[in-house]
Amino acid sequence: MINLVQNEMTKLMGKRRFMIIAIIIIVLLSMFTYAQSKEAESILERIGTTDWRTELQQQIVDMQNRLSSAGQWREQFQIQIKQSQYYLDNNINPAQPGAPTFIRGFVQNSAELFLPLLVMIIAVDIVSSERSMGTIKLLLTRPVSRFKILLSKYIALILSVSIVIFLFGSLSYLVSAVMFGNQGWSAPVLTGFSSQGGELDISGVRLVSQWQYIIQQFGLAWFISVVVGTLSFMLSILMRSSAAGMGTMLACLISGAILSNMVSSWESAKYLFMVNLGLMDYVSGSAPPIDGMTLGFSLSVLAVWMLGSLIVSFTVFMRKDIY
Amino acid sequence: MHSKKVRFLTIFASLACLLWLFGLGWTLKDYLIGKPSSASISPSTDEPVETTEETSVLKIVALGDSLTRGTGDIEGKGYVGYVSDRLKAAGKDISLINLGIKGLTAPLLADQMKEKEVGRQLGQADVIMMTIGGNDLFLGGQTLSDVSEASIRALEDRYLLNLQEILSGIRAVNTEATVYLLGLYNPFSEFENGEQLSEVVRGWNYKAAELLAKDAKTVYVPTYDLFQQNVNELLFTDHFHPNEKGYSRMAERVAALITGAEQGGQP
């Protein structure tokens with residue numbers, strides 16, 4: 001089994017996908033860090049001080065002003081205002097400048113779309129490419145069961161996802177540490193906000209160190225990526241062409257991003273996997289796309305989708321005629 | 001059979017996988033099951049609130065309603081933005097925080113000032129600019145249909161009471177800063193009841209100015225005269241807020257007062 005997995009890893013390495021992913025991450029990172037340092041500059045120019053309390057107070061007032069014209073974002077704004085006010089009242093800087101804070105924000109923003117896309121690069125042709133290149137026949141004529149072959153591919157996929165997340169984390173650390181410095185790992189972060197029906201519940205709020213928060217975030221990001229990877233894995237078995245699988249998965253992810261912004265009145269949409277990818281939002285305390293969704297709920301929905309697609313993957317792969 | 005590189009990568013990936021699994025497990029434990037793994041909030045004292053800001057910077061705090069926010073200005077600066085532009089052009093080093101909120105009335109402003117951070121900001125300020133009262137008097141245009149003396153008097157009394165509270169609130173945290181209160185103009189002077197309303201606004205301004213006169217460092221800045229002629233050219237399309245021309249006229253006046261006071265204050 002270990003040999004089979006290593007065999008798959010060799011193939012993945014041969015495709016140089018990790019290189020491509022690393023390059024994509026670095027290019028995006030350099031743009032984001034640059035944008036962020038520019039933003040800090042413009043705030044400094046506008047407010048004229050580096051005191052974070054002044055900056056946060058200004059942000060709160062700015063949000064209060066947008067409330068009246070916020071429309072459907074009203075609830076989101078109200079929660080954000082209360083949260084910021086809570087930080088302010090407890091004298092905790094929500095954005096201590098430094099690499100950890102940047103990583104925290106970057107993971108938060110990439111977990112729903114960017115990381116799944118990177119994972120897709122690996123997952124989407126893991127089986128279909130063998131079919132289109134004809135190598136699958138060689139693989140299946142070996143004296144190993146089909147189940148084991150597919151399992152080794154799946155394990156290799158999980159390992160690759162872990163590598164991608166690791167690449168993501170270490171690269172963003174390296175780049176942001178150069179740009180913003182290394183301080184702030186033990187800075188306090190407030191967590192445990194929960195929002196139900198547009199009201200911010202602060203009863204469960206507690207302080208955690210930033211490094212702990214980041215590890216937890218990465219755990220969630222990994223889970224999201226594994227789920228998306230598993231779904232792409234299934235598509236790669238069901239569809240002959242990698243492009244078709246990629247297109248389908250992309251459509252799902254993007255529709256998820258759009259749906260999360262407008263499904264609040266279509267309640268049964270909460271059983272769709274793509275609406276549940278915003279796991280980070282529960283931890284950071286912003287309002288869920290549909291009232292009543294919680295971290296546990298989203299995790300279970302995602303787990304069910306993952307299990308379902310695994311079952312489909314294995315049954316189809318073991319019964320399918322290969323020619 | 002497999003190259004060292006692949007073996008290394010596989011082992012490395014497995015370790016990474018374990019790390020992320022650990023992170024996920026930790027999250028589950030903290031957020032779903034049982035007690036979270038950290039202490040609850042203790043007021044952080046590691047960072048003393050610094051009160052000694054660098055003295056070369058002129059710290060400006062703007063308080064008030066939509067006029068302070070800059071509603072009606074295409075660039076969204078409002079008189080606050082233009083004042084800051086003018087001061088910067090004059091070579092002043094300033095820091096500016098704009099706490100204006102659209103639709104604020106005097107009682108709401110008095111509430112806002114009770115916030116801890118707002119109080120701290122006011123305490124550090126060298127200059128405080130304010131517009132308040134427009135929403136208390138005009139009630140979003142309602143007053144136009146009822147300019148009877150009794151109803152105006154009621155509005156006025158309530159406003160003056162709140163204004164007094166706001167001013168003493170400022171003085172409670174900051175005895176040094178100069179406070180500039182910008183007075184009201186009559187946006188409806190060309191309307192049917194405009195003449196009557198102008199009289200009301202003048203009376204309102206007079207009383208506010210009288211109230212401010214009790215404190216030497218509180219300056220009442222009239223705007224009524226600025227908008228007396230050609231009012232429509234200076235107003236935004238909503239016929240209530242100033243446009244960029246109107247704001248820039250207001251700013252001219254305030255900026256001149258601030259620079260004048262600064263120069264006079266120097267030895």
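# A tour of the two chains

A search of the whole structure finds 17 salt bridges over all chains, and since this is a predicted model, everything on the tour below is computed from predicted coordinates.

**Stop 1: salt bridges within chain B**

Begin by selecting B:Lys29 and B:Asp30, which form a salt bridge whose closest N and O atoms are 3.9 Å apart. Buried or exposed, how does B:Asp30 sit? With a relative accessible area of 5%, B:Asp30 is buried, whereas B:Lys29 is partly exposed at a relative accessible area of 39%.

Select next B:Lys114 and B:Asp111, whose side chains meet in a salt bridge with an N to O distance of 3.5 Å. Here B:Lys114 is exposed, with a relative accessible area of 60%, and B:Asp111 is partly exposed, with a relative accessible area of 43%.

The next pair to show is B:Glu233 with B:Lys245, a salt bridge in which the closest N and O atoms are 4.0 Å apart. Because B:Glu233 lies in helix 9 of chain B and B:Lys245 in helix 10 of chain B, this pair ties together parts that are 12 residues apart in sequence. B:Glu233 counts as partly exposed at 48% relative accessibility, and B:Lys245 is also partly exposed, with a relative accessible area of 47%.

**Stop 2: a network in chain A**

Move to chain A and select A:Glu8, A:Lys11, A:Glu130 and A:Lys153 together, for these residues are linked in a network of salt bridges.

**Stop 3: where the chains meet**

Now display both chains and colour the residues in contact, to which chain B gives 53 residues and chain A gives 56 residues. The size of an interface is often given as the accessible area lost when the parts come together. For chain B and chain A the area buried between them is about 4,700 Å², with 61% of it on carbon and sulfur atoms.

How many salt bridges are found across the interface of chain B and chain A? There is one, and to see it, select A:Asp62 and B:Arg69, whose closest N and O atoms are 2.8 Å apart. Between chain B and chain A there are also 10 residue pairs in polar contact, counted where both residues have pLDDT 80 or more.

Stay on the side of chain B that touches chain A, where the elements giving two or more residues are helix 1 (4–31), strand 2 (94–98) and helix 5 (116–124) of chain B. Which of these elements gives the largest share? Helix 1 of chain B does, with 20 residues. If you colour this side of chain B by residue class, you will find 25 nonpolar, 14 polar and 14 charged residues.

**Stop 4: aromatic pairs**

Select A:Phe166 and B:Phe12, an edge-to-face pair that is 4.8 Å centre to centre, with 85° between the planes. This pair crosses between chains, running from helix 9 (residues 146–180) of chain A, where A:Phe166 lies, to helix 1 of chain B, where B:Phe12 lies. A:Phe166 is partly exposed, with a relative accessible area of 30%, and B:Phe12 is likewise partly exposed, with a relative accessible area of 27%.

Then select B:Phe138 and B:Phe240, another edge-to-face pair, which is 5.6 Å centre to centre with 90° between the planes. Since B:Phe138 is in helix 6 (residues 134–138) of chain B and B:Phe240 is in the loop between helix 9 (231–234) and helix 10 (244–265) of chain B, the pair ties together parts that are 102 residues apart in sequence. Both B:Phe138 and B:Phe240 are buried.

To see one aromatic cluster, select A:Phe32, A:Phe102, A:Phe106, A:Phe114, A:Phe168, A:Phe180, A:Phe218 and B:Trp20 together.

**Stop 5: an enclosed helix**

The buried residues of helix 6 of chain A are A:Phe114, A:Leu115, A:Pro116, A:Leu118, A:Val119, A:Met120, A:Ile121, A:Ile122 and A:Ala123.

What covers the buried residues of helix 6 of chain A? To look at the cover, show helix 1 (2–14), helix 2 (17–47), helix 5 (99–110), helix 9, helix 10 (210–238) and helix 11 (242–262) of chain A, which are included in it.

Technical notes
Residues are numbered from 1 along each chain as its sequence is written. Chains are lettered from A and ligands numbered from 1 in the order in which they are written. This is a predicted model: local features need pLDDT of at least 70, side-chain atom pairs count only at pLDDT 80 or more; totals for chains, interfaces and linings use all residues. Side-chain values use heavy atoms; hydrogens and water are left out. Contact means heavy atoms within 4.5 Å. Buried area is the accessible area (1.4 Å probe) that two parts lose on being put together, summed over both. A polar contact is a pair of N or O atoms within 3.5 Å; within protein, one must be able to donate a hydrogen and the other to accept it, and residues adjacent in sequence count only if both atoms are side-chain atoms. Helices (H or I, at least four residues) and strands (E, at least two) are DSSP runs, numbered from the N terminus. Ala, Val, Leu, Ile, Met, Phe, Trp, Tyr, Cys and Pro count as nonpolar, Asp, Glu, Lys and Arg as charged, and the others, Gly among them, as polar. Rings of Phe, Tyr and Trp (its six-membered ring) pair if their centres lie within 6.5 Å; planes under 30 degrees apart count as stacked, over 60 as edge-to-face and the rest as tilted. Buried means under 20% relative accessible area, exposed over 50%, partly exposed in between (1.4 Å probe, protein chains only).
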